[in-house]
Amino acid sequence: MSDATLNTVKNDPGDFAVQISDQVGSFLVAVDEVAKGDEPDSAVPFLLLEVSQLLLAGGRLGAHEDFLPEERYEPDLGPEQDVDDLRERLAVLLDPVDVYSEVFDPYEPRKAPVACRISDDLADVVADLRHGMAHYREGRTVEALWWWQFSYFSNWGATASAALRALQSLVAHVRLNQPLEDLDGLDTDQDLGDDALAEEAGKVMAREIAGPLGMRARTVK
């Protein structure tokens, strides 16, 4: 994308904001629908698709120069919408594959992976996106773009990327007919090295999660 195009969007962000808000809104609706648990057979593949599409919007935000809000201080949005119910519903839906291991920053000196939860990741992303959407619905377009862009760099971009890797790995394990390591015993407050992860990991065959989570596998021997 050329500098001229970037500057055009920065100076007149209306169309760009509509496109981003559409992608954000679609993700928010989709995650809430999945969390209802009405179609558990398609949960993981659908989340993989939605997170992938959301990260396209994040990439577009990240490619632009900084959006600067008109006001020095952020307008009061009132109480934040609670995401705990969403988090809990996703945790129930994704059990027993909710917990996965992640290294947060690939450019930091090598650190031991930590245990994370897809349900926590998605709920945190939703909280960030809803905050920006509240500004957008109040007509504060640049404020919304600033928030979505800032929080993409500071939180939801990395969080969604980690969740995407976990979801992609789940689908790949099943489609490639490979066993999964059971992370049910991990505590997400623990910092665990490779040895600890291997020691606590058991074997959950792909067939045990394929049906309930919407993934079809060939017969596992």
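**Reading the labels on a predicted model**

Tutor: In helix H3, the buried residues are Ala-43, Val-44, Leu-47, Leu-48, Glu-50, Val-51, Leu-54, Leu-55, Ala-57, Gly-58 and Leu-61. This is a predicted model, in which local features need pLDDT of at least 70 and side-chain atom pairs count only at pLDDT 80 or more, while totals for chains, interfaces and linings use all residues. Residues are numbered from 1 along each chain as its sequence is written, and side-chain values use heavy atoms, with hydrogens and water left out.

Student: What do the buried residues of H3 pack against?
Tutor: They pack against helix H2 (14–35), helix H4 (84–94), helix H5 (118–137) and H6. Helices here are DSSP runs of H or I with at least four residues, strands are runs of E with at least two, and both are numbered from the N terminus.

Student: How do you know that the span of helix H3 agrees with its number of residues?
Tutor: The expected span is 1.5 Å times one less than the number of residues. Helix H3 (residues 43–63) has 21 residues and should therefore span 30 Å, and its end C-alpha atoms are 30 Å apart, which agrees.

Student: Why is Thr-159 called buried?
Tutor: Buried means under 20% relative accessible area, exposed means over 50%, and partly exposed lies in between (1.4 Å probe, protein chains only). Thr-159 has 14% relative accessibility, so Thr-159 counts as buried. Thr-159 is found in helix H6 (residues 141–175) and, leaving aside its neighbours within four places in sequence, is in contact (heavy atoms within 4.5 Å) with Asp-121 and Val-125.

Student: What makes Asp-98 and Arg-117 a salt bridge?
Tutor: The definition asks for a side-chain nitrogen of Lys or Arg within 4 Å of a carboxyl oxygen of Asp or Glu. For Asp-98 and Arg-117, the closest N and O atoms are 3.9 Å apart, and the pair forms a salt bridge. Asp-98 lies in the loop between H4 and strand S1 (99–102) and Arg-117 in strand S2 (residues 114–117), so the pair ties together parts that are 19 residues apart in sequence. Asp-98 has 4% relative accessibility and therefore counts as buried, whereas Arg-117, with a relative accessible area of 26%, is partly exposed.

Student: Which residues does Arg-87 meet in salt bridges?
Tutor: Arg-87 meets Asp-84 (3.8 Å, N to O), and Arg-87 also forms a salt bridge with Asp-124, the closest N and O atoms being 3.4 Å apart. The second pair links distant parts of the chain, with Arg-87 in helix H4 and Asp-124 in helix H5, 37 residues apart. Asp-84, Arg-87, Asp-120 and Asp-124 are linked in a network of salt bridges.

Student: How many aromatic pairs does the structure hold?
Tutor: The structure holds 7 aromatic pairs. One of them, Trp-146 and Phe-150, is stacked, at 5.4 Å centre to centre with 5° between the planes. Rings of Phe, Tyr and Trp (its six-membered ring) pair if their centres lie within 6.5 Å, and planes under 30 degrees apart count as stacked, over 60 as edge-to-face and the rest as tilted.

Student: Where do Trp-146 and Phe-150 lie?
Tutor: Both lie in helix H6, 4 residues apart, about one turn of the helix. Trp-147 and Phe-150 form a tilted pair, 6.1 Å centre to centre with 50° between the planes. Ring pairs link Trp-146, Trp-147 and Phe-150 into a cluster.
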